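Subject: A structure for you to look at

Hi there,

Here is the structure I promised to pass on. Have a look around first, and then read my notes below.

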Amino acid sequence: MCHCFNVDVKRPRIFSGPDGALFGSSVMQHEADGEKMLVGAPWDGPSNHRKGDIYKCIVGNERNSNCTKLNLEAALQNVSRHLKNAHLGMTLSPDTPDGFLACAPLWSQECGTSVFSTGICASVSDSLKPRETIAPTAQCSTFMDIVIVLDGSNSIYPWYEVQNFLSNILSKFHISPDQMQVGVLQYGEVTTHEWSLKDYQTTEEVVEAAKNISRQEGRETRTAFAIHTGTEAFSPERGAREGATKVMIVVTDGESHDGEELPDALAECESRNITRYAIAVLGHYIRRQQDPETFINEIKYIASDPDDKYFFNVTDEAALNDIVDALGNRIFSLETLGYNESSFKMEMSQIGFSTHVLDDGILFGMVGAYDWDGGVLKEGRWGRVMPPREAFEKEFPMELKNHAAYLYTVSSLTLANGRRLYVAGAPRFKHKGKVILFDLRPNGDVIISQALNGEQIGSYFGSEVCGLDVDKDGFTDVLLVAAPMFLGAGNKEAGRVYIYNRNRVLFTANGTLQSQPKAQDARFGYAMAAAPDLNHDGLTDLLVGAPLEDGHQGALYVYHGQGKTINPQFKQLQRIPGSALSPGLQYFGSSLSARLDLDGDKLLDLAVGAQGNAVLLSRSIVQITVELTFWPYSINVIHKNCQRGSRDSACLNATACFQTTSQSPGSHGTPFGLDVTALLDDRKLSARALFDSSSQRQMATGVEARVGDSVCLTLPFHVFDTADYIRPISFTLHFKINDSEIGPVLDEGWPTTVKSLIPFFKDCGEDDVCVTDLVLQARMDISGTQDPHVIRSPRRRLAVEVTLQNRLENAYNSSLRLQYSANLHFSTLSEDSQFKTECTALRTGSHSCNISYPVFRSQSKVSFLLEFEFSCTSLLNKVQINLTADSVERKATLHDNSIQLHSVVKYEPDLFLTDSNLNRYEVHPTRTASEGLGPRFHTNFRVLNLGCFSVPNLELKLRLPSITSGDRLFMSVINASSQNVLGVSCTIQSDLAQLKEKQRDVRPLHPEDMQQSEQLNCSRSWCVIVVCQIQELLHGQAAVIRITRMVHDSFFREAKFRAVKIVSTYSLGVRQSSFITLGNSALVRETVLEVLKGRSIPISLWILIGSIIGGLLLLALIIFILWKLGFFARKQRAE
């Protein structure tokens, strides 16, 4: 799909030409007797005779039109009849002062037996009549006037051999008015003109005349006189032509009898630029057996230098026929190639591949000149300027001749100082391409000012160049150089166009034009053309063709002028694919022209070549200025002025006036339709205002506008009661031209949306500016300035009492902004019943509370309570609250609008510490010494976190009595560990020496004194210290620490006591914390183990024997009773 700004792709004019004629290879807009379009069809004609031609196409209202063939091949008939495969129409360009130039760069001419493609152009008048041909290089190398000076003295024998030689050499010549002319003189004692140059016009005629020449005879050989007479044969009266090469062939068999006159005769030849071939026939000397050395030296003197090229000698008259071919070849190679040379100069120049019209002539590119090195040629009103190959030696060295520069693309530039530079592109130089900027002097000298080099092999950098005067000040601002075969993504021939901006001196690189990034063959830059001003901004625009895009359907890109350069970014609106015009178009963008208005609407139109040619018609561009006004200009919600939907409302009228202007010529008064869409409060979720016509926030309507006029539209709407009276209501208007195919188009980048804000009415005096003075007071219900405030359960809340007073005029949108430390969470606000207060979270740690929204009236005072909860995840040693009162209006004072509250705090966690222990242990007094250790027993200590936050770095410290007087051990600590919580590590300090060092105030109890004491604690014995580190105790988590101990029975059996209590102590602490305090959880607690000593009671042997006998008698009695009761009797089967 294509949206193409002001280029009409919906109604293009498409012209078709003959199949296979490459109709559309070149296009040109032409103005003469009505605007027409000229289309080149260089392959027009039958398959074996592609002469090519030009078609004229008239742009009418029909979408598809036919074109008329101009039959311009007649213009070339005057130059040559050899028009086979001339391919006229490959190039079209405007001519000066009128008309146009049509070129056939493959036009060839016959030069002897050779056919050379020199190229030719036809200048055609505005009336489409050929007026002249331009073929500056169409000069045959056989454009010669030849005079044969033939010795007819008696010594020549036999004469018929001379006649045969004359007929044979003449048959080699291609005699015609535009090639060779031949005249013959015979001499002896006198000289006779057998025929002059103008007498015969064909080869057949001169060969027949040669057969009828009879020998003159004579006893003397006056060669000098004959040469002098031969120079007169090159006079215009005898048919000599201006510009023709003058050649004289002298055939003689003896020394001259007027040899002293030879220097003068030869000097006259030199002055007339006559090239002389001299042939010495030695038959007379051989027959007489004479030395011919003097004769040969004289003939060499007659011949032009060098002798090896212009001197021949034969043994006799019959041998003359042996040199016919050699003589003919040397004569044919005389003009251009030179003897023993094989390179071409202008024979394959093929002018017309590129032409550039100058104010004083035409600049031609010659792709095949100088053996395909290429060259340039200027054909102007002051004559022809054709720089030699050596003129470009600096940039195109002769040693790189094999790189085939193909210098043919030409253009020109005008610098700021008025100096003109010519531009030539050589896309094949060193395989990367080069563009040169040079000055061309009238004498053919070339001064190269700058050279630009391609960057990629095979990209054809320089095959197209285009200079632009962007701001139309008469000087070139930008030079664009195309490399259409530049390989892009995926090794596709994407193409690239380089931008060079003019600086103070010459041109500097400024990036490349941007095209569609899709990886595809495109050949972007295959054609480029300047468009004088397509978008009517006063700047020159640029057209670039990409004929291989979209599967060879092609595309056209439009780039707009910007300042003194070209904006390299194409907008999607300015890429025109060929498929948008017609599905059948192929290679759209092969050629471009943008010069004229073709359809009479005074707008610039585009001509784009394809296989089938499309003309794109442009459309006028308009600018639409919108003015929005409202009545009343503000919304008064206090005094409602209408009813809508049975509700009192504030009614307003919006008036939108559309003023249409255009810089496009001929567009004044053009009508077109506008689609208008209006929207109220576009950023609000709930509607505060509705249009009367639709009872919706949005409405659509239309209006008819006219270029140059203003049209207005009234849109009534109303405002309901709303809680938001401060933020103004937005009114957004969007418009577009509703007929996007045939009407004008809106200027590119012109805004289509207008937005205004409608304020609410404020009761703030005549200046309508409210001046407020807000006074803020606040205090917290905790104090932690001297000593930290301890936060305990269940009270974990903080209250702030706030009072806000307005001492001056009404305050609108008054708010209280809260910022508080991360260890607080905002909970609730207890508001004053007289004032509405709402709080909204802004972000973490910040709230905004609207105070008496929307108006906090003058002299009002409000008090309310803010409640915060302490965080369970973020613990800090300080709480801080910043309160700031604010209003949207200007404030007279600010010093009493902000308050900072802070307090130092500590946290008391909810920890529950318990123990489970063996309460009583009895020592048996009769065990052996080997049974001196009692069994192991466990004491479990359980630490439970009932609070809402984790408690780090807890420490459980136990003091366990173990050693008494005499270093006697009565209790051992075996192990201390936790089985249910990770991150718990316990250490046991049991080294006696270290314990004594740390517990110096212990008065150890002796075992014999234990009857006098009921307790063994850490004051009467040394205690083993167990310290357990709890890395972190999570919320709701319990850590169980097990202490394994063993009682030493041997100690207690020896001691004198009945019962003793072993009292151990334990306490909970916290390490390295500035904000945790344990409170009651840190108190020292006790755990008690009571040890009892058992008594030994002796038993008599008689008691044991009596007990056994009594037991046996009791058993016998029981059995007897059971027998008596029949317990042991067996019953019969019948029973």
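Ile1103 is exposed, since its relative accessible area is 52% and the cut-off for exposed is over 50%. You will find Ile1103 in helix 13, which covers residues 1101–1124. If you want a sense of distance, go from Ile1103 to Asp95: the two are 1008 residues apart in sequence and 157 Å apart in space, C-alpha to C-alpha. Please keep in mind as you read on that this is a predicted model.

**The whole chain**

Now zoom out. The protein chain has 13 helices and 75 strands. Its radius of gyration is 60 Å, well over the 32 Å that the globule rule gives for 1135 residues, so the chain is more spread out than a compact globule. The box filled by its C-alpha atoms, taken along the principal axes, is roughly 200 × 95 × 95 Å.

How is the protein chain divided into domains? Domain 1 is made of two stretches, 13–124 and 345–617, and domain 2 covers 144–333. The centres of domain 3 and domain 4, taken over C-alpha atoms, are separated by 44 Å.

Of its 1135 residues, 51% count as buried. The chain exposes about 53,100 Å², and carbon and sulfur atoms supply 48% of that area. Take the contacts between residues at least 6 apart in sequence: 69% of them join residues at least 24 apart. As for charge, there are 109 positive and 128 negative side chains, and the centres of the two sets lie 19 Å apart.

Next, find Lys198 in the loop between strand 15 (191–195) and helix 2 (203–211). Lys198 has 47% relative accessibility, so it counts as partly exposed. Beyond its neighbours within four places in sequence, Lys198 is in contact with Glu237, Arg238 and Gly239. Pro236 is 38 residues from Lys198 in sequence, yet their C-alpha atoms are 9.2 Å apart in space.

Helix 3 takes up residues 223–232. Seven of its ten residues are buried, so the helix is largely enclosed by the rest of the structure. Which residues of helix 3 are buried? They are Thr223, Ala224, Ala226, Ile227, Thr229, Gly230 and Thr231.

**Two buried residues**

Gln553 sits in the loop between helix 10 (549–552) and strand 33 (555–559). Is Gln553 buried or exposed? Its relative accessibility is 18%, so with a cut-off of under 20% it counts as buried. Not counting residues up to four places away in sequence, Gln553 touches Pro547, Gly578, Ser579, Pro583, Leu585, Gln586, Tyr587 and Phe588.

Thr1044 belongs to strand 73, residues 1038–1048. With a relative accessible area of 8%, Thr1044 is buried as well. Leaving aside neighbours within four places in sequence, its contacts are Arg936, Phe937, His938, Ser972, Val973, Ile974 and Asn975.

**Backbone details to check**

Most residues other than glycine have a negative phi, and most peptide bonds are trans.

- The peptide bond from Tyr157 to Pro158 is cis, with omega near -5°. Pro158 lies in the loop between strand 13 (144–151) and helix 1 (159–172).
- Trp631 and Pro632 are joined by a cis peptide bond, with omega about -10°. Pro632 is in the loop between strand 40 (621–631) and strand 41 (642–644).
- Lys430 is not a glycine, but its phi is positive, at about 50°. Look for Lys430 in the loop between strand 24 (420–426) and strand 25 (434–440); with a relative accessible area of 46%, it is partly exposed.
- Gln859 has a positive phi near 65°, and it is a residue other than glycine. Gln859 is in the loop between strand 59 (855–856) and strand 60 (861–870), and it is exposed, with a relative accessible area of 53%.

Enjoy exploring, and write back with any questions!

Best wishes

Key: Residues are numbered from 1 along each chain as its sequence is written. This is a predicted model: local features need pLDDT of at least 70, side-chain atom pairs count only at pLDDT 80 or more; totals for chains, interfaces and linings use all residues. Side-chain values use heavy atoms; hydrogens and water are left out. Helices (H or I, at least four residues) and strands (E, at least two) are DSSP runs, numbered from the N terminus. Buried means under 20% relative accessible area, exposed over 50%, partly exposed in between (1.4 Å probe, protein chains only). Contact means heavy atoms within 4.5 Å. The radius of gyration is taken over C-alpha atoms; the globule rule is 2.2 Å times the number of residues to the power 0.38. Accessible areas come from the Shrake-Rupley method with a 1.4 Å probe; for residues, only the protein chains shown count as cover. Lys and Arg count as positive and Asp and Glu as negative; His and the chain ends are not counted. The place of a charge is taken as NZ of Lys, CZ of Arg, CG of Asp or CD of Glu. Domain bounds come from an automatic or database domain assignment.
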